[in-house]
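My notes follow in the order in which I looked.

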Amino acid sequence: MHNGGGLWCLLVVLGLFCYLGVVMGASNMLNTIMHTAHDLLLNTCFYLMAICVLMGALSQILVEFGAVSLLEKLLRPLMKPLFNLPGVASLGAVMTFLSDNPSIITLAKDKRFASYFKKYQFISITNFGTAFGMGLIVIVFMIGQGYYWEPFVGLLGAFVGAIISTRLMQRMILKDYPQFKDEWAAEKPDTVEEEEEENKPTMFVRIINALLDGGKSGVDVGLAIIPGVLIISTLVMIVTFGPSESGAYTGAAYEGTALLPWIAGKIDFVFDWLFGFKDPHLVAFPITALGAVGAALSIIPNFISQGWIDGNAIAVCTAIGMCWSGYFSTHTAMLDSIGFRKLTSKAIIAHTIGGLCAGIVAHLVMLFVGIF
């Protein structure tokens with residue numbers, strides 16, 4: 001088993017590098033890979049990290065002074081009719097939107113939080129939380145590119161995608177495990193520890209601590225997205241972009257074989273019909289978002305400079321990027337952490353459908369309001 005897997009891995013890796021080397025030349029291929037990764041690190045990763053630090057500080061301020069609790073109370077009435085989840089799940093949506101999708105697992109490990117859920121609902125919060133992961137960062141990044149209200153259309157699409165993914169996951173769980181409908185995810189604790197109010201720091205100290213702690217968590221998120229951006233984006237870009245303007249390969253950053261748009265061009269009517277994509281290169285965004293939304297965001301500035309993207313594509317990419325938010329790389333770990341790794345395939349299928357629906361909804365809304 002392991003030898004067979006190793007052989008296939010070796011063949012795939014050798015095949016990929018042989019293909020790139022034959023088309024680009026071995027020296028140009030290596031130089032392009034290094035230059036692309038270096039440019040992404042300096043001009044994209046650090047930019048994203050700056051956003052993460054600022055948004056982390058803002059998020060911590062919101063948590064410290066009760067704004068998150070207020071949002072949770074406002075959103076709580078929507079949970080049951082829309083997501084078939086208890087009201088406390090709204091806290092998970094707010095926390096993942098302000099940070100990243102694994103933060104809902106931190107909540108899930110709290111027995112008091114888990115005790116509000118039936119078992120099938122509890123498992124589905126993996127899909128629910130992922131659909132809002134890094135939402136604030138995605139929206140702020142898109143606004144920073146000069147698109148001011150298209151990202152909010154994308155947010156609406158991601159919201160619809162979250163409903164579809166969460167409810168579909170619940171149906172798939174109950175189909176195979178009907179007993180989960182009546183089983184509670186955790187027993188309610190007998191005693192609830194009350195937070196001590198004595199020796200509470202002054203307002204100024206609370207503000208400084210919240211800003212610094214939030215900024216530090218932003219650095220952690222920024223560091224965490226670097227591998228995805230450098231590895232996934234470099235690979236995607238080298239099969240997305242073409243040679244230099246002269247038609248020759250020079251080893252510069254962002255050159256490639258244009259394989260992905262060539263393949264997408266054969267079925268571009270599908271992407272045009274579903275998402276309104278007018279250029280086959282745009283398919284690189286959702287493919288990259290499968291692994292890491294931070295990596296997918298790194299592609300946007302190059303799309304803008306090439307003139308391949310428009311307002312509709314920004315809305316669709318925001319919806320898909322936020323809803324999927326790298327679920328291929330996180331769902332297994334998230335489900336494993338709550339003890340239901342065997343349901344990973346169901347979660348991935350449900351979330352794939354949810355993300356596609358998110359993009360379609362964003363495109364339909366853009367068509368309806370006439371924003372292009």
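I call a residue buried under 20% relative accessible area, exposed over 50% and partly exposed in between, with a 1.4 Å probe and protein chains only. By that count, 48% of the 372 residues of the chain are buried. This is a predicted model, in which local features need pLDDT of at least 70 and side-chain atom pairs pLDDT 80 or more, while totals for chains, interfaces and linings use all residues. Residues are numbered from 1 along each chain as its sequence is written, and side-chain values use heavy atoms, without hydrogens and water.

Overall fold. I find 18 helices and zero strands (DSSP runs, H or I of at least four residues for helices, E of at least two for strands, numbered from the N terminus). The radius of gyration is 22 Å against 21 Å from the globule rule for 372 residues, so the chain is as compact as a globular protein of that length (taken over C-alpha atoms; the rule is 2.2 Å times the number of residues to the power 0.38). The C-alpha atoms fill a box of roughly 70 × 55 × 50 Å along the principal axes.

Helix α16. I looked up residues 311–324, which make up α16. Of its 14 residues, 14 are buried. S325 follows α16 and has a positive phi, near 35°.

Lining of the largest pocket. I sorted the lining by class and got eight nonpolar, one polar and five charged residues (Ala, Val, Leu, Ile, Met, Phe, Trp, Tyr, Cys and Pro count as nonpolar, Asp, Glu, Lys and Arg as charged, the others, Gly among them, as polar).

Note on methods. Expected span 1.5 Å × (residues − 1).
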